[in-house]
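Have the structure open and follow along.

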There are 2 protein chains.
Amino acid sequence: MANLYKVCIVGSGNWGSAIARIVGSTVTKFDKFDNSVNMYVYEEMVDGRKLSEIINTEHENVKYLPGRKLPENIVAVPDIKEAVRNSNLLIFVVPHQFVDGICNQIKGSLRSDACGISLIKGFDCRGRGIELISSAISRLLNIEMSVLMGANIAMEVADESFCEATIGCKDRKIGTVWKELFTASYFRTSIVLDPQTVELCGALKNIIAVASGFVMGLCHSDNTRAAMIRLGLIEMIRFITEFYGEARLETYFESCGIADLITTCSMGRNQRVAEAFVSSGKTLAELEKEMLKGQYLQGPLTAMEANKFLQEKNLEKDFPIFTAVYEICYHNRPVKTIIDAMREASTHAKL
Amino acid sequence: MANLYKVCIVGSGNWGSAIARIVGSTVTKFDKFDNSVNMYVYEEMVDGRKLSEIINTEHENVKYLPGRKLPENIVAVPDIKEAVRNSNLLIFVVPHQFVDGICNQIKGSLRSDACGISLIKGFDCRGRGIELISSAISRLLNIEMSVLMGANIAMEVADESFCEATIGCKDRKIGTVWKELFTASYFRTSIVLDPQTVELCGALKNIIAVASGFVMGLCHSDNTRAAMIRLGLIEMIRFITEFYGEARLETYFESCGIADLITTCSMGRNQRVAEAFVSSGKTLAELEKEMLKGQYLQGPLTAMEANKFLQEKNLEKDFPIFTAVYEICYHNRPVKTIIDAMREASTHAKL
């Protein structure tokens, strides 16, 4: 049975655990998958017990997804090398600051036929300019990478509310395997052969979520928020076209495009913190600490990295929303100027 | 000065009054417009005084837009023929059941160079299948019609929250005049030379708002609502392509497309009533009476008319969301099957 696909979920936060509920179930339904799924768990103590032991005996990630059972074929493995050793389908779903460290640990321990998929949203912004997370993993491990992005609030997925996601991959053959793996009656995926655009949407949307939070903090107008989502999407598309080459417009109609943007601008953390920024008078750093319990805010960082691209090409004025978010977050530009930026964006919002 | 454009606003509800605030201001800024704007007011008594007199003395539509002043150059005229007689730019903004009656009254009283723009969302569904409102006006009056649609909640526009709208017209020359007229620092428009698609978006979105209301009534999941907006938009696009011919995908990125859909699915009346339908156990007719104070629900009617098109071509199964909304509203299909419809839609949501 050496030709079975063996899955390892690299990560066990709330999104990783929600995904484990889907993947643990699908592997038992198709002959091509090994029935047991490894899940790499960063070991920590919970009420005096090891988290990995709790997961393996009680089938629940009591720390990151309490109250929802995991399938019994999900095996928590606290040693990352051991977790990935026999696997050839690697699902990366760790906070992105841990990507480098994990890849460096498992380099050389992988099966020769291993490939991966990244569920991690955001850029890797440290040092080498904007690098897509999937590109960083691919570079570090020398494996083919796909991505899965979409309008997926982890808790809602864990509650089995219907939602969709987009699989971005380079060829349809591996895409079809991932699609089989990530399917449930409440979770539907589509395949797009343009992984770069799929992943860029997942990162850039956080800039627009910050902008949308500013807008709602300023005026609580649904009209204005809808205009921001529209103008923001157009700026995302123009940014991707400018720096990564033209993508098919159809891609933006996938879950990774408009759907994820709508969800993120309705209730994601970037939106919430930015809204509080307007009303509280506190700094973003203070709010991050107060509101996010150790998670951090991707939108401002992404805006800063995008701004480096724009500065280099002297294009800041052509991307008024991206530029305003960056300057409000890092240069004390008054938050109310986000509305001027929308007005500006509206005058040349052509695709 | 015979070559000045003279504006008449046909209608004085809350949207007509909000628009009067913009138009009354712009006509004074451009030499090409007559400085005085007529507004047709259906006469009614308010606290013992004629509404038209109140508007002309207090410059406030105390009945439909209380608390917001109208510019003093807005002249309320209770006689529809007199209101339009010297005007050549007619802005139609009445509830759509009054369109026929008004057009029949003014037929023959118009300037030979008159043209119009419709701000009325919805279809004219009585008798002759789906007819666009602008087409009905054009047919009855033999004038060229444009449309203005977008994410525009009237009260928010009256409060001068920033928003956008889309002008759909057949040629750019008249579009440019309308664009000048409908511009304020807080109100931005773009011109699209595909008025049919612009207007169809404004009507079909109400079907999706009903579907979105059902979803929120069932599960209150932002993921699921975002999926519904995405899948609904794709069904709208496929419907327009099937029955009206292919439109440029770019049009759907305008305010009339995604932005209006997002706003309508967030807080429009179709969404609110449909959500209450799930939780209250009351009929839509009962809720319409209780919640809408004389306004009526466009989504179910539009779904019924769209369904006639689909039935004729035996395409109901290819439009699972449109079909589910129709059957839930009119044939007691269980509301929870809207989720099945999404699952179905998700499997062939290709543009």
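Six salt bridges link chain A and chain B. One of them pairs B:Glu164 with A:Arg230, with 2.6 Å between the closest N and O atoms. Keep in mind that this is a predicted model.

Which elements of chain A face chain B? Two or more residues each come from helix H6 (154–158), E11, E12, helix H9 (222–244), helix H10 (255–267) and helix H15 (337–347) of chain A. H9(A) gives the most, with twelve residues on the side of chain A that touches chain B. Sorted by class, that side has 23 nonpolar, twelve polar and ten charged residues.

Now for the inside of chain A. Its domain assignment gives domain 1 (7–193) and domain 2 (197–347), and the centres of these two domains of chain A, taken over C-alpha atoms, are separated by 27 Å. The leading contributors on the domain 1 side are A:Lys121, A:Phe123 and A:Ile130, which supply 27% of the area that domain 1 of chain A buries against domain 2 of chain A, more than any other three residues.

A:Lys121 also forms a salt bridge with A:Asp260, where the closest N and O atoms are 3.1 Å apart. The count of salt bridges between domain 1 and domain 2 of chain A is one. Nine residue pairs, both at pLDDT 80 or more, are in polar contact between these domains of chain A.

On the side of domain 1 of chain A that touches domain 2 of chain A, helix H5 (133–141), strand E10 (145–149), strand E11 (163–168) and strand E12 (187–192) each supply at least two residues. The largest share of that side, four residues, comes from E11(A). By class, the side has eleven nonpolar, nine polar and two charged residues.

Here are the two interfaces in brief.

| Interface | Buried area | Share on carbon and sulfur atoms |
|---|---|---|
| Chain A and chain B | about 3,800 Å² | 58% |
| Domain 1 of chain A and domain 2 of chain A | about 1,900 Å² | 66% |

How many residues of chain A are in contact with chain B? The contact involves 45 residues of chain A and 45 residues of chain B.

Terms used. Residues numbered from 1 in each chain as written. Chains lettered and ligands numbered in written order. Predicted model: local features only at pLDDT ≥ 70, side-chain atom pairs only at ≥ 80, totals over all residues. Heavy atoms only, no water. Domains from an automatic or database assignment. Buried area = accessible area lost by both parts, 1.4 Å probe. Salt bridge = Lys/Arg side-chain N within 4 Å of Asp/Glu carboxyl O. Polar contact = N/O pair within 3.5 Å; in protein donor to acceptor, adjacent residues only side chain to side chain. Nonpolar A, V, L, I, M, F, W, Y, C, P; charged D, E, K, R; others polar. Contact = heavy atoms within 4.5 Å.
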